[in-house]
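I opened the notebook to record what I looked up in this model, entry by entry, with the cut-offs noted where each term comes in.

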Amino acid sequence: MKKIRRSKVNYSIKTAFQLRLFLKILFIIFMSITVTSGIFYIYANREIGDSFKLFHINATNFLDYLLPAVLTAMVGGFFIALAMTVFFPHHIAGPLYRIERELKERIGNGDMTVRFYLREGDELKDLAEALNMAIERIGLKIRDIESASNDLSRLTSGNGTPSMEELKEIKKRLEEAVQKFKIQQTPHL
């Protein structure tokens, strides 16, 4: 598969999707940091508080010393997670945007030469490969129709009259090639 390198990262790709993904990931990370900090805080209060009593350290409340450390770790973890989630959604939103754009603009207009090449580190490589295989298979079916059509054109444009056998053979080939496609019938109004 061909590698594509871009000199700069485009952060404006499918911004609505990227923002939703960003917020969901950030929410999950924030909740996990909050739960982890809460469990640590409760556990540390019980375990360390009992330990300090054994050393006869006189503190009014150990939680007064532990709470700032837990909050600092929580805020630090949140900003690290924030920095990481800025880059993670781009590896999903970018390829989805490029695939969607090519499907709409080129394949939708009949261009079967389109191939999807994702950058190193992008997600959805399996989807891109599956789409490439599907486009290749559709292209082969279209080539069968094109071959039969070319044969029909060659027969009808010649100086002689084509035989009924030759026409029936080409008709049969065209019907078989078209039957390879399953097309949903639209209801008649």
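This is a predicted model: local features need pLDDT of at least 70, side-chain atom pairs count only at pLDDT 80 or more; totals for chains, interfaces and linings use all residues.

Entry 1, a salt bridge within a helix. I began with the side chains of K104 and E100, which meet in a salt bridge at 3.0 Å from N to O, where a salt bridge is a side-chain nitrogen of Lys or Arg within 4 Å of a carboxyl oxygen of Asp or Glu. Because K104 and E100 are four residues apart in helix α3 (residues 90-105), about one helical turn separates them; helices (H or I, at least four residues) and strands (E, at least two) are DSSP runs, numbered from the N terminus. I then looked up accessibility, for which buried means under 20% relative accessible area, exposed over 50%, and partly exposed in between (1.4 Å probe, protein chains only). K104 is exposed at 59% relative accessibility, whereas E100, with a relative accessible area of 26%, is partly exposed.

Residues are numbered from 1 along each chain as its sequence is written, and side-chain values use heavy atoms, with hydrogens and water left out.

I found five helices and zero strands in the protein chain, in the order α-α-α-α-α along the sequence. Of the 189 residues in the protein chain, 23% are buried. For contacts (heavy atoms within 4.5 Å), I recorded that, among those between residues at least 6 apart in sequence, 66% join residues at least 24 apart.

Two packed helices are described by the angle between their axes and the distance between the axes. Helix α4 (residues 125-157) and helix α5 (residues 164-179) pack at about 160°, their axes being 9 Å apart; axes are lines fitted to C-alpha atoms, for helices over the stretch in contact, and angles run from 0 to 180 degrees between N-to-C directions. The two helices are therefore roughly antiparallel, a term that applies to angles over 145 degrees. The contact is made by residues of α4 including D144, I145 and A148, and by residues of α5 including L167, R173 and L174. I sorted the residues of this contact into nine nonpolar, two polar and four charged, counting Ala, Val, Leu, Ile, Met, Phe, Trp, Tyr, Cys and Pro as nonpolar, Asp, Glu, Lys and Arg as charged, and the others, Gly among them, as polar.

Which residues does L174 contact, leaving aside its neighbours within four places in sequence? I listed I145, A148, S149 and L152. L174 lies in helix α5 and counts as partly exposed at 23% relative accessibility, and its C-alpha atom is separated by 9.7 Å from that of L152, 22 residues away along the chain.

My search of the whole structure gave ten salt bridges. In one of them, the closest N and O atoms of D144 and K180 are 2.6 Å apart; D144 lies in helix α4 and K180 in the segment after α5, so this pair ties together parts that are 36 residues apart in sequence. D144 is partly exposed at 32% relative accessibility, and K180 is partly exposed at 41%. The side chains of D151 and R154 also meet in a salt bridge, at 3.5 Å from N to O.

Methods: Angles under 35 degrees count as roughly parallel, over 145 as roughly antiparallel, 65 to 115 as roughly perpendicular and the rest as oblique.
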